[in-house]
Amino acid sequence: MISGAAGRSALGIRLGGSVWLFLGPALLLMLAAYLAPLFDTTIVSLHPNRPTGIDRDSWTIANYLRLLDTYYGEVLLRTLRVSLLITLFSVLLAYPVGVWLAGLGPRGQAWAILVYMSPWFVNAVVKSFGWTLILGNRGLVNRGLQSLGLIDSPLRLMLNETGIVIGLLPGHFLFVLLPLWAALKGLDGNLRWAAMTLGARPWQVFLRVTVPLTLPALLAGAIINFTMNMAAFAAPALLGGTRTRVLSFIAYQVNLEELNWPFGGALAVAMLVVTLGFVMVAQGLTRGGLGGGRR
Amino acid sequence: MGPIRRSSFLRLAFGAALAAAAAGGAAAQPANKTVYFLTWGGTVQQTLEKEGWGKKFTEATGYTVQLVPKATGPEIIAAAVAQKDNPQVDVVQSDLLPFLSGDDQGLFRPIDVKDIPNIAKLASVARINPNAIMTYGDVMAIIYNHEVFAQKKWAEPKAEWGELMRPEFRGSLVLPPVNTTYGLYGLITLARVHGGSEHEIGPGFDALKKLAPGIVEWPTTFARMGQFLQDGSAAVGFYSSSSAAEMARRGVPVKYVVPKPLFFTGTAAGIMKNAPNPEGAKAFLNWWISKEVMTFRAERYGNVTMNTEVTSNPIPIAALNEMQRVDYATVNARRADWIKVFEREVLPLK
Amino acid sequence: MRRLLTLFNLLMVAYVVAPIVLVVWMSFTPTMLFEVPIRSFSLRWYEELFSYDAFIDSAWLSLRLGLISALAATALGFLAAYGLVRGRPPGAGALLGLFTAPLIVPAVVYGIAMLQFTNLVGLYGAFPALVAAHVVIVLPFAVRTLLASLEGQGPELEWAAMSLGARRRHAVLLVTLPLCLRGMVSAFLFCFLISFSEVTVTLFMAGPAHQTLPVRIFNYVSDRIDPTMAAVSALVVLVSVALVLVLNRLGALAAVRK
């Protein structure tokens, strides 16, 4: 994105040293209100917690060793499992929706996007409440299926991982859909025409032309989607229930209920490392393994 | 670089970056006319904000009260601890147990009759220590959805804790988890019923483990528990009698019984050390425990209030002496370990 | 084939909007209970809402916070995007990475960091700290939107103005800025929308005096559940839809997530 633009700007009058006047304010803000807090939390996670508060004079890795406990291991695995599942479903659902969207007129597209954006207008807690009315033991789905005689006892659709996936998917789906939609719109129609006139069937065109050309956008969206899945905590707390806790909720409890900031900091750092690790692997895939990743 | 120097350096850097934002947006704080009251939402919110008592407080004293609601006792105290060095709230009220642990951390300042005359009217049990008073309390109750009971032809529960173990309740129970105050009280109660106590908690955990597979969900708040009882995905739980009564009043098909031995759950209040508005805090606490407000709480919410002038208490204060007393020091010391055991050995059972 | 896709999308749309429709529907119930279908239509919970100062105060706070942070983020975002596009500074990629990092770093992590950090520097619960956090959270959206906007128009016009003797700041103010107006408005609205609905970071770091609307709803619902929260959500849906319609007219949606 940048490199192309910068190439053009070389034609113009160079900014020179005064470029930092433009970048300075944002940079200063990010240093003071973003990097400094994250750095501080990392430092805090290396101090022991005492009944009187954080002991800033001694250092320890005990907070990280505590993460190796099987309880937290299970929570981490569950969080990853749920997050990856949601990303997988989002990616699978994105093409049918994106292709359909791109085929609509401008007005239709605007309205459809508005609808797909709508989960973002409602507080996560309230939305989860709506889901409870649908997914609960006496919810709409179970009542419907029971009155149709399809099931005897209610299906367990919430208070487990299923509930978290169902509840988070619609909102986080948008972050895969938007970049894919943009990429599909930008796709050169002539390419598909060319492939068709050469005798390719529509599904062959889709698999051989459309997918490879839009894959980078899809992956970029999938990364943000995955991050959001890892971070969500209000909806998982309500739809997953007390037995199905995810990492971010544990972090909430440790920081705001137990008030153990050093351990809470260690949880935050662990989450950051795991998330960024996955993001880097995904980006590596885009650049390396898939060849056509560069735009 | 020592922690102090680093801190002041960061403060400078941070402050500089914020200057622009501050210039435009610094909220004009009303000059010490507001009293911040950190406690639950729920019935307190209803009392102050919907039933007009907040306005009455303003009429009586000239101060306004701003409620800072949290969902659970531990969250209330955690919020107070978070601002220990730079307090933003004045009066704090929570369950007795977390309140005492907050007091151990030096959160609260001494309060006495000189500043708060109404303290003289409180029962002697309400004077917990120089920093804390009990405002009111509740008794624990078994709550059940009577429509589900009628439908399944279950006998109404007797006033005994052992009723929770009835085999037909498997798959219909909602109990608060041990990391909440009521869950903790439940654990102690179950231990006692089965021959243990807070000093010998084993029997309590054995009972919870027996119950665990039949539990639909461990809701952390009463609002959540109410949701499960209301839509019929659960039928039996335990919580405070006043919460149960409030729920029934809202039209949820629930009834409750208060099992013997009675388990009294106290609510404590105090004033933050270095509260931003100490005078307002005293005025508020004095008003809050006054005969008028406490009579309303007793009549409207069924609280057992500690003001001896209140005549409409659902249970006479004298009965408190017969109620189970809890060794709060032991409970607070063991709490973290019990939560660990609960999370690892009880919660995964289904 | 197209028909199959349309059917699939109808199902998908139903899935996406189902909980929202239920909540809005439920907000019109006359009873305290949550039931769908509702038995009769009533505006009781809306009246209740408007007589309830705490929600109104929170709505104003969210509005103010959203406006200030959107304004600040748009200004900072424009400067940064301009610097990146026209200045080609060393490490431009890393800088863009930094400005957009809040998209990748889980919000909970930043919330925890801000909670701890504002306590460390004695700014816990201060409004400026909250503004700073919100600007950080929405900055990626501003930078991306304005990058797209600046890239869309080459530097030629600006260059022309400067070769005719205009100073750079005049060229930027009088030529570039007006050309980017659409992008600026989009960025501003997008930032406002994100800030207005932000809950995670705010929940962790906001002091008692600053309960934004989403935080107020979160606290309210975790303690008691009545249809007031359905009514407030329905109103927020209305406002957000209006904003997004404006965004859509400006063609902003496509630009942001590339």
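## Surface of chain A

Chain A exposes about 12,700 Å², of which carbon and sulfur atoms supply 67%; the areas come from the Shrake-Rupley method with a 1.4 Å probe, and for residues only the protein chains shown count as cover. This is a predicted model, in which local features need pLDDT of at least 70 and side-chain atom pairs count only at pLDDT 80 or more, while totals for chains, interfaces and linings use all residues. Residues are numbered from 1 along each chain as its sequence is written, chains are lettered from A and ligands numbered from 1 in the order in which they are written, and side-chain values use heavy atoms, with hydrogens and water left out.

## Overall build of chain A

The secondary structure of chain A comes to 13 helices and 2 strands, where helices (H or I, at least four residues) and strands (E, at least two) are DSSP runs numbered from the N terminus. Along its principal axes, the C-alpha trace of chain A spans about 75 × 75 × 35 Å. Of the 295 residues in chain A, 56% are buried, a word that stands for under 20% relative accessible area, with exposed meaning over 50% and partly exposed lying in between (1.4 Å probe, protein chains only).

Among the contacts in chain A with a separation of 6 or more, 67% are between residues 24 or more positions apart, a contact being heavy atoms within 4.5 Å.

## A covered strand in chain B

Strand S9 of chain B, residues 236–240, is mostly covered, since 5 of its 5 residues are buried. Strand S6 (residues 132–145) of chain B pairs with S9(B) in the antiparallel sense over 5 bridges, whereas strand S7 (residues 173–174) of chain B runs parallel to S9(B) and is joined to it by 2 bridges; two strands pair if DSSP finds at least two bridges between them.

Which residue of S9(B) is the bridge partner of B:Ile143? The partner is B:Gly237, and B:Gly237 is also the bridge partner of B:Val174.

## A two-sided helix in chain C

In helix H8 (residues 156–163) of chain C, the buried residues are C:Glu158, C:Ala161 and C:Met162. These residues lie on the same side of H8(C) because they cover an arc of only 95 degrees around the axis, the arc being that of the directions from the helix axis to the C-beta atoms. On the other side of H8(C), C:Leu157 and C:Ser163 are exposed.

The buried residues of H8(C) pack against helix H3 (53–87) and helix H9 (168–179) of chain C. H8(C) is followed by C:Gly165, whose phi is positive, near 105 degrees.
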